[in-house]
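Open the structure in your viewer and keep the selection tool at hand. Each stop below says what to select and what is there.

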Amino acid sequence: AEAPAELVADLNSGLRHGLGGTANWKRVNMNLSLASDADELAAILGHETTHVYLDILTEGRLRDAFDSARWFHEGMASYVEYRFFREPDEVAKLRRVAAAAYHRKQTEFDEPVTATVWEVKHDPHLIYPLGEVFCAAFVERHGDDAPAKLLRAIAREDAPEKLTGLDLWRDAFQACGWNLSDSVADYYRMLDRLAKEEHKEFVESLPRLAANISRDEDWVRINVVPRGPVPSGARFLVRVRRSVSDSEHEHLPVSPVDDDKEFAVEFEQLGDGNFWYQAGISIMDFTDPANPV
């Protein structure tokens with residue numbers, strides 16, 4: 001892509017979410033003071049700069065249809081980050097999450113294409129590993145020039161206006177002479193290989209999760225119950241929301257209790273007492289069920 005006349009990087013940004021970054025049109029926001037690892041910061045800068053170019057190449061149309069495009073935005077930014085800014089073995093940590101999601105049947109392609117629909121049912125951050133797998137399969141089929149070609153197709157003058165969801169992506173693929181269904185099939189084939197070959201031992205080691213709910217005077221307590229052995233190094237997570245349609249930014253504050261499987265939410269936060277919750281498991285540095293790092 002042609003470089004923009006100016007791309008601003010605010011490297012002392014007051015970000016609310018730790019070491020990450022954000023991108024908005026031709027501006028990247030990061031905070032260098034939060035980390036000393038230059039390689040990690042370079043990877044974040046590469047990720048966020050990719051977001052900028054996705055919007056430049058589509059002349060802002062992808063930004064205007066962000067609910068239909070977040071999965072591709074995060075997927076392509078993650079693909080560029082891990083291909084060009086990280087060590088080759090690091091992508092395995094990302095793709096094992098995609099493999100686990102596939103193993104648990106959380107990878108239907110038509111769901112993340114509408115972000116608000118996806119977030120009702122799944123952890124919204126799953127679009128990073130799942131999007132990366134799609135983009136890797138897409139580039140493998142159509143070549144390194146394919147992403148830019150697809151993005152320019154979205155910005156072409158004769159493109160139908162205000163397309164969303166699958167219609168947006170079908171139109172762009174057809175304008176390039178491609179079939180979206182072929183890339184979706186490649187996506188599933190890669191996920192199948194990851195889950196049944198490369199990360200088979202990992203995904204099969206993860207326990208199913210249930211939860212027991214109880215209440216005392218001021219608190220609702222959620223006790224996570226794993227259905228099977230818990231790999232060493234794992235920790236449990238719980239998210240709670242008042243309404244099924246609440247975004248990730250509207251999740252209620254959850255307090256871990258002394259037991260690492262129990263979490264509590266103040267009852268007065270729950271309104272009429274109805275709520276939705278998600279229980280999850282995090283294994284940051286898992287490599288081998290018998291000998292995790």
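**Stop 1: a loop arginine**

Select Arg-86, which counts as buried because its relative accessibility is 14% (buried means under 20% relative accessible area, exposed over 50%, partly exposed in between, with a 1.4 Å probe and protein chains only). This is a predicted model, where local features need pLDDT of at least 70, side-chain atom pairs count only at pLDDT 80 or more, and totals for chains, interfaces and linings use all residues. Residues are numbered from 1 along each chain as its sequence is written, and side-chain values use heavy atoms, with hydrogens and water left out.

Arg-86 sits in the loop between α3 and α4. Helices here are DSSP runs of H or I with at least four residues, numbered from the N terminus.

Now show side chains. That of Arg-86 makes a polar contact of 2.9 Å with the side chain of Glu-40, and another of 2.7 Å with the side chain of Glu-81. A polar contact is a pair of N or O atoms within 3.5 Å; within protein, one must be able to donate a hydrogen and the other to accept it, and residues adjacent in sequence count only if both atoms are side-chain atoms. Leaving aside residues up to four places away in sequence, Arg-86 touches Glu-40, Ala-43 and Glu-81 (contact means heavy atoms within 4.5 Å).

**Stop 2: a proline in that loop**

Select Pro-88, also in the loop between α3 and α4. Pro-88 counts as exposed because its relative accessibility is 69%.

**Stop 3: helix α6**

Select residues 127-142, helix α6. Its 16 residues reach 21 Å from first C-alpha to last, close to the 22 Å expected at 1.5 Å a residue (1.5 Å times one less than the number of residues). Twelve of the 16 are buried, so α6 is largely enclosed by the rest of the structure. Those buried residues include Leu-130, Phe-134 and Phe-138. They pack against α3, α4, α5, α7, α8 and α9. Step just past α6 to Gly-143, where phi is positive, about 100°.

**Stop 4: the cavity**

Which residues line the largest cavity? Select Trp-71, Phe-109, Pro-112, Ile-127, Leu-130, Gly-131, Phe-134 and Tyr-187. A cavity is a set of points on a 1 Å grid over the protein atoms alone where a 1.4 Å probe fits but cannot get out; lining residues have an atom within 4 Å of a point. Helix α6 gives the largest share of this lining, four residues.

How values were computed:
On a 1 Å grid over the protein atoms alone, a cavity is a set of points where a 1.4 Å probe fits but cannot get out, and a pocket is an open set with protein on both sides within 12 Å along at least five of seven lines; lining residues have an atom within 4 Å of a point. Helices (H or I, at least four residues) and strands (E, at least two) are DSSP runs, numbered from the N terminus.
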